[in-house]
Amino acid sequence: MSESHNPIPSKNMNRQKTWLTVFGIFCLVFGISLYFQWPLGQKNEPVIKTASEPWDARLLACNEITTAEETEAFSTCLAAAEDGWPRAQMKIAWTYTRQGDFQNWNEAYKWVSIIGKSDRRAELLRYIMLLSLGESKKDKTFGEKGIKRLANVNYGPASAYLGALYKLEQNTLAKTSRAIWLFQRAYEQAPDLFSAFDLAAIYSNGFGVEQDYKKATSVLLKHADLRFPVTTNNVAWYLATLDQNPLLMPEKAVELAEKVTQNKKYSNNHIYIDTLAAAYAANGEYNEAITTQENALALLLKIVEAPENSALVAEYKERLSAYKNEERTVTESLVKEYDAFFKKIKLSIESALLRTLNRRIEAPELVDTELTNNSND
């Protein structure tokens, strides 16, 4: 049997390995250098500063701009955005979406894409813009895939938007979830964007599900307990002002409204008193409605500087007049038109995402460190 042995590398093979190593390092360095010089490279993209960065006074100029017109304030805000300040980037993106001579959706998309790297709302807005405004099928498909991905990780606004796309048959990709399931998750994750009243309307109208007043009622009552007194008052107003109400007896609206106004913290709040008056009227208790509405009006007049020019004062007076004529207030409709309902959901999400870009910027409060140090001695 012959002995086996390991071959010994030759000098030429060692030289070859050394050359390959040197060449690999050179390619890596050259590639990195080329990337940062290329138009799509990070060098030419505005950076994103963290919250720990110091304050920049240029940000205040962003509050002065309402369009992308090249004013001094716009140029100042744009410079701050290019230097990586997120709030400036948001405002610049928003100005490019405004209707008029300076609207530029390509620029808006560029800035929204940058913000979307660290802000989920902007990320969703980016995908919506691609789906709605993309010129190619590839862009639209990428946008819809992005919306689906965010819905799959339980991001409420994305779930609601995807559900609306499905109900309007505006999706280009195969449906992978039932719309009602998406809406239920949207309400659980983002009730401010997709409300209990939207979900109740879907059950009440049988939009893609069997018409079910009991489920609609359950949703509303659960919402009433969600955040006292705000959601309690909102449900009371909804029940009191529906054009027709097969959901709950009017007494429930009175019960909820009284629960709020009997709390000492809210007993002199004109908004909650106004709701109670509407509930009394819905229940046919017009004398109580009149007295209560007069109280609400008196409370409102105490805080309004120019009552004669106040639209809200006019509304309160109009409701008082109606109650004196034994007429209830009607502001909500139970029956919805299918397409209009889901188009409204889409539009409300788009509008809400755009509003997040247009927040006023406030300078941070300065802290007197000497005073702080002395107080800690």
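**Exercise 1. Find the helix that holds Glu123, decide whether Glu123 is buried or exposed, and list what it touches.**

Solution. Keep in mind that this is a predicted model.

- Step 1: Look along helix α5, residues 120-133; Glu123 sits in this helix.
- Step 2: The relative accessible area of Glu123 is 15%. Buried means under 20%, so Glu123 counts as buried.
- Step 3: Leave out residues up to four places away in sequence, and Glu123 touches Gly116, Arg149 and Leu150.
- Step 4: Now look at the side chains of Glu123 and Arg149, which are joined by a polar contact of 2.3 Å.

**Exercise 2. Work out which residues of helix α4 are buried and which helices they pack against.**

Solution. 

- Step 1: Helix α4 covers residues 105-115.
- Step 2: Its buried residues are Ala108, Trp111, Val112, Ser113, Ile114 and Ile115.
- Step 3: These buried residues of α4 pack against α2, α3 and α5.
- Step 4: Finish at the start of α4, where a side-chain oxygen of Asn104 comes to within 3.1 Å of the backbone nitrogen of Asn106.

**Exercise 3. Describe how α2 and α3 pack, giving their angle, the distance between their axes and the residues that meet.**

Solution. 

- Step 1: Two packed helices are described by the angle between their axes and by the distance between those axes.
- Step 2: For α2 (residues 72-82) and α3 (residues 86-97), the angle is about 125° and the axes are 8 Å apart.
- Step 3: Angles over 145 degrees count as roughly antiparallel and 65 to 115 as roughly perpendicular. The pair α2 and α3 is therefore oblique.
- Step 4: The crossing of α2 and α3 is left-handed.
- Step 5: From α2, the residues Phe74, Cys77, Leu78, Ala80 and Ala81 meet Ala88, Gln89, Lys91, Ile92, Thr95 and Tyr96 of α3. Sorted by class, this contact has eight nonpolar, two polar and one charged residues.

Terms used:
Residues are numbered from 1 along each chain as its sequence is written. This is a predicted model: local features need pLDDT of at least 70, side-chain atom pairs count only at pLDDT 80 or more; totals for chains, interfaces and linings use all residues. Side-chain values use heavy atoms; hydrogens and water are left out. Axes are lines fitted to C-alpha atoms, for helices over the stretch in contact, and angles run from 0 to 180 degrees between N-to-C directions. Helices (H or I, at least four residues) and strands (E, at least two) are DSSP runs, numbered from the N terminus. Angles under 35 degrees count as roughly parallel, over 145 as roughly antiparallel, 65 to 115 as roughly perpendicular and the rest as oblique. A crossing is left-handed if the near helix is turned anticlockwise from the far one by less than a right angle, and right-handed if clockwise. Contact means heavy atoms within 4.5 Å. Ala, Val, Leu, Ile, Met, Phe, Trp, Tyr, Cys and Pro count as nonpolar, Asp, Glu, Lys and Arg as charged, and the others, Gly among them, as polar. Buried means under 20% relative accessible area, exposed over 50%, partly exposed in between (1.4 Å probe, protein chains only). A polar contact is a pair of N or O atoms within 3.5 Å; within protein, one must be able to donate a hydrogen and the other to accept it, and residues adjacent in sequence count only if both atoms are side-chain atoms.
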